[in-house]
Amino acid sequence: MTTLILLRHGRSAANAAGVLAGRTPGVELDEVGQTQAQKMVDRLAGVPLSEIVCSPMVRCEQTVAPLAKDRGLTPVSEPELAEVDYGSWTGAELKTLFKEPLWKVVQAHPSAAVFPGGEGLAGMQARAVAAVRRHGARIAAEHGPTAVWLACTHGDVIKAVLADALATHLDNFQRIVVDPSSISVVHYTDTRPFVARVNDLGGDVAGLIPPKPKRRRKTAARSSDAVVGGSTGG
């Protein structure tokens, strides 16, 4: 189908303060996050983006704003890619939450974790994966099977999408690291996803540029077959 770049928002004031922002209104990028957002323009230069899809949280909107302006794109707001609803945990310091009995469940058995007054991590994964698949299918239909698109969202959301792409249980998603302003890349095909990058903070992105189609041949969908023996790096 398509190539998805998962971008975590840049560092926010809450990140710097060690606070679980969740869906708290008005949480913005700090100076470091603003710089990270601006640098994303140069970092993804040359990568053809068909669309930008974005969580409705302010910190995500601010992260993609410089890139969207540079590309002349209007980000598509997607509520299903919003931050986890952490319920009564929202706004609390992480050092305080560490003492809560639910903390151990979140760490060891996240598929069973439901935040008091909020949502469960399993429900979050279901909505986020469904949104990614829906947008991917739409973008493939509108822009072709080699289209590259970007979704800016949140750490736990990205980890949940990556766990699905890796066909690993949600209970393993805490093994995945997704830092602020990192990109992770998934190539979706008709049969399976291929996870190409995780938590990339500065690697070469030339490999994300689709090859030019050969003359007299229609643009073919990406193969669902893995390379026996491993990728040749071409």
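Me: In which sense do strand β5 and strand β6 pair?
Reply: Happy to start here, with a reminder that this is a predicted model. Strand β5 covers residues 183-188 and strand β6 covers residues 193-200. Five bridges link the two strands, and their pairing is antiparallel.

Me: Is Thr 189 buried or exposed?
Reply: Thr 189 sits in the loop between β5 and β6. Its relative accessibility is 3%, and the cut-off for buried is under 20%. Because of that 3% value, Thr 189 counts as buried.

Me: Which residue has its backbone oxygen 2.5 Å from a polar atom of the side chain of Thr 189?
Reply: Let's stay with the loop between β5 and β6, where Thr 189 lies. A polar atom of the Thr 189 side chain is 2.5 Å from a backbone oxygen, and that oxygen belongs to Arg 192.

Me: How much space lies in the second largest pocket, and which residues are the closest to its centre?
Reply: The space in the second largest pocket comes to about 640 Å³. Its lining has 29 residues, and the closest to the centre are Arg 8, Leu 20, Tyr 86, Leu 94 and Asp 156.

Me: Which elements give two or more residues to the lining of the second largest pocket?
Reply: By class, this lining has 15 nonpolar, eight polar and six charged residues. The elements that give two or more residues to it are α1 (13-17), α4 (94-97), α5 (101-108) and α7 (155-165).

Definitions and conventions. Residues are numbered from 1 along each chain as its sequence is written. This is a predicted model: local features need pLDDT of at least 70, side-chain atom pairs count only at pLDDT 80 or more; totals for chains, interfaces and linings use all residues. Side-chain values use heavy atoms; hydrogens and water are left out. Two strands pair if DSSP finds at least two bridges between them. Helices (H or I, at least four residues) and strands (E, at least two) are DSSP runs, numbered from the N terminus. Buried means under 20% relative accessible area, exposed over 50%, partly exposed in between (1.4 Å probe, protein chains only). A polar contact is a pair of N or O atoms within 3.5 Å; within protein, one must be able to donate a hydrogen and the other to accept it, and residues adjacent in sequence count only if both atoms are side-chain atoms. On a 1 Å grid over the protein atoms alone, a cavity is a set of points where a 1.4 Å probe fits but cannot get out, and a pocket is an open set with protein on both sides within 12 Å along at least five of seven lines; lining residues have an atom within 4 Å of a point. Grid points are joined across faces, edges and corners, and a volume is the space filled by probe spheres set on the points. Ala, Val, Leu, Ile, Met, Phe, Trp, Tyr, Cys and Pro count as nonpolar, Asp, Glu, Lys and Arg as charged, and the others, Gly among them, as polar.
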